[in-house]
Amino acid sequence: MGIYLNPGNKSFYESIHSPIYVDKTELIARTNELMGTRDKFICISRPRRFGKSMTLEMLAAYYSLGCNSEELFKGYKIESHADFREHLNRYDVIFLNMQRFLGRAQNEDVTEYLEQVVIAEIRQAYGELFSENEVNLAAVLEQIYVATDRQFVFLIDEWDCIMREKQTDEALQRHYLDFLRNLLKDQPYVALAYMTGILPVKKYGSHSALNMFFEYSMTNQYVFEEYTGFTEKEVKELCGQYHMDFAKTSSWYDGYRFRKFKHIYNPRSVASAMRCQDLASYWTTTETYDALKIYIDMDFDGLRADIVHMLGGGDIRVNTLGFQNDMCNFRTKDDVLTLLIHLGYLGYDSETEKAFIPNKEIIREFENAMSAGGWQEIMRILKESEKLLEDTLSCDEENVAKGLDRAHTEASSILSYNDENSLSCAIGLAYYSARKDYKLIRELPAGHGFADVVFLPLPHAGKPAIIVELKYDKSACAAIRQIKERHYPEALKGYSGEILLVGVNYDKDSKDKSHSCIIEKMTL
């Protein structure tokens, strides 16, 4: 077994013998379907720590010629598929970790260094089929194919590291993309090309040098949804096995949403939480909070308001189509938000085309980024949100109204109150700390309408549910009346216990105070 040619199955062996291994082997059935077709070029982009490298190691174990991996896959899902043995260990695999080449090339050209070391290894197996002086990898593979009719499976990890780490070197990026195009496009020796990274394929103008690749990204994973992270079913099974609270685990790590699978979890974080028996932030990436701060501080009109809106539990419509798939060419706030989607800082619903902050772990990242400066007003709101929740639970209507006034004053430089939707966003932000014990739901279908904001207590919390109805230039009494007349409490299916009905009105013309509040109790 080699390093670049047929790397074998040792890494996959380590994965399946680790304390936690979730069976994702059916992904192989998807790649087998595309093998040798016009759709054989697959580009999978996901955030860091979402199992991209582990998937490549699994594919290498399955396809690599010269090793016997049948026993390793015994008992796993892929074994039951009809074509399991048809492709098992039948292909020469070329495995390229671009991060490794970029780190080792130093002053050499990255692609020249890559060709040098990969050809040296291929020469040990097929040296008699091409000239000793040949230095072009594509030419080497063409000659091997002509002599043997043998096709190759290409597995490329961290394909986009040059775009991320050499952000301003456009000449190097173009040269690298041209290298990949010449190596892969229209080449008869390619049986399958599967490459992974954080970013989709880099665009130049109206076309891409790698336009033969079909992209499966965080804006739409298509048939690879189930393999993007852990599914809800898989996390429930892990929580049962490791005696962890599923509802609390969900609030920490759930939130990535696709068309079929609405609940996708960060796999590294879930596995770490199970092993450590502790729910905490495990999502360590090279994109530190300092980098996140740079993105969210970018001076695009409306970007800050959108971030605050999402911190308040809302979602934002994003046009992802204009993004150039790099980390430096931003023309609009949508480009910045799209990058944050690909980096995993935002979830995205492709059906509604809206982005949102997915879970508690990512919220912590935003807190860290904002605490570094420039967001003092918002940080003050977050710090005071604990007191606002306490006043609400105590039914202290006067102090709740005062707390909302203060939050409005702090946020006024970023947010503008102009309708009930804006008010809903500000309320979500003002009750920010409630998320440690509650699941925040905005626009919950209820009775004969939608409850503006619902705080549903997590099973461990032991606190009452809260239904908040918002009015703009009307009255808090009207808000309470609407909750009752439209039977909003009936929407809390499966919940029994105390409910606080909170009616809030914002009067923009009030001289003494802008917010008024009425709180009533009921039992369901």
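Okay, let's start with a charge and a ring: the charged end of Arg 304 sits over the ring of Trp 375, 4.2 Å from the ring's centre. "Over a ring" here means that NZ of Lys or CZ of Arg is within 6 Å of the ring centre and within 35 degrees of the ring normal.

Quick housekeeping. This is a predicted model, where local features need pLDDT of at least 70 and side-chain atom pairs count only at pLDDT 80 or more, while totals for chains, interfaces and linings use all residues. Residues are numbered from 1 along each chain as its sequence is written, and side-chain values use heavy atoms, with hydrogens and water left out.

Now the overall picture. The chain has 20 helices and 15 strands; those are DSSP runs numbered from the N terminus, with helices being H or I of at least four residues and strands being E of at least two. Along the principal axes, the C-alpha atoms fill a box of roughly 90 × 50 × 35 Å. Of the 524 residues, 58% are buried. Buried means under 20% relative accessible area, exposed means over 50%, and partly exposed is in between, using a 1.4 Å probe and protein chains only. And if you take contacts with a separation of 6 or more, 69% of them are between residues 24 or more positions apart; a contact means heavy atoms within 4.5 Å.

On to the sheet. In what order do the five strands of the open sheet come? The order is β2-β3-β4-β1-β5, and the pairing is parallel. The edges belong to β2 (92–97) and β5 (214–216), each with a single partner strand, so one side of each has no neighbour in the sheet. On average, neighbouring strands are turned by 15 degrees against each other, direction ignored. To get those angles, axes are lines fitted to C-alpha atoms, for helices over the stretch in contact, and angles run from 0 to 180 degrees between N-to-C directions.

A reminder for anyone new to this: strands of a sheet pair through backbone hydrogen bonds, either parallel or antiparallel. Here two strands pair if DSSP finds at least two bridges between them. Strand β1 (residues 41–45) is joined to β4 by five bridges and to β5 by three. Look at Ile 42: its bridge partner in β4 is Tyr 194, and its partner in β5 is Phe 214. Then β3 and β4 pair over five bridges, with Ile 156 partnered by Met 195 in β4.

Is β4 buried or exposed? Eight of its eight residues are buried, so β4 is largely enclosed by the rest of the structure.

Helix α5 (residues 98–105) lies across β2 and β3 (152–157), at about 55 degrees to β2. Helix α2 (residues 27–34) has seven of its eight residues buried, so α2 is largely enclosed as well. Those buried residues, including Leu 27, Arg 30 and Leu 34, pack against β1, α3 (52–63), α4 (84–87), β4 and β5. After α2 comes Gly 36, with a positive phi near 70 degrees.

Back to rings. The whole structure has 26 aromatic pairs. Rings of Phe, Tyr and Trp (its six-membered ring) pair if their centres lie within 6.5 Å; planes under 30 degrees apart are stacked, over 60 are edge-to-face, and the rest are tilted. Tyr 194 lies in β4 (residues 190–197) and Phe 224 in the loop between β5 and β6 (230–231), so the pair ties together parts 30 residues apart in sequence. Both are buried: Tyr 194 has a relative accessible area of 1%, and Phe 224 has 0%.

There's also a cluster where ring pairs link Phe 12, Tyr 21, Tyr 62, Tyr 63, Phe 73, Tyr 76, Phe 84 and Tyr 91.

For Cys 328, the nearest is that of Cys 161, 15 Å away, and Cys 328 is partly exposed at 33%.

Technical notes. Disulfide = S-S within 2.5 Å.
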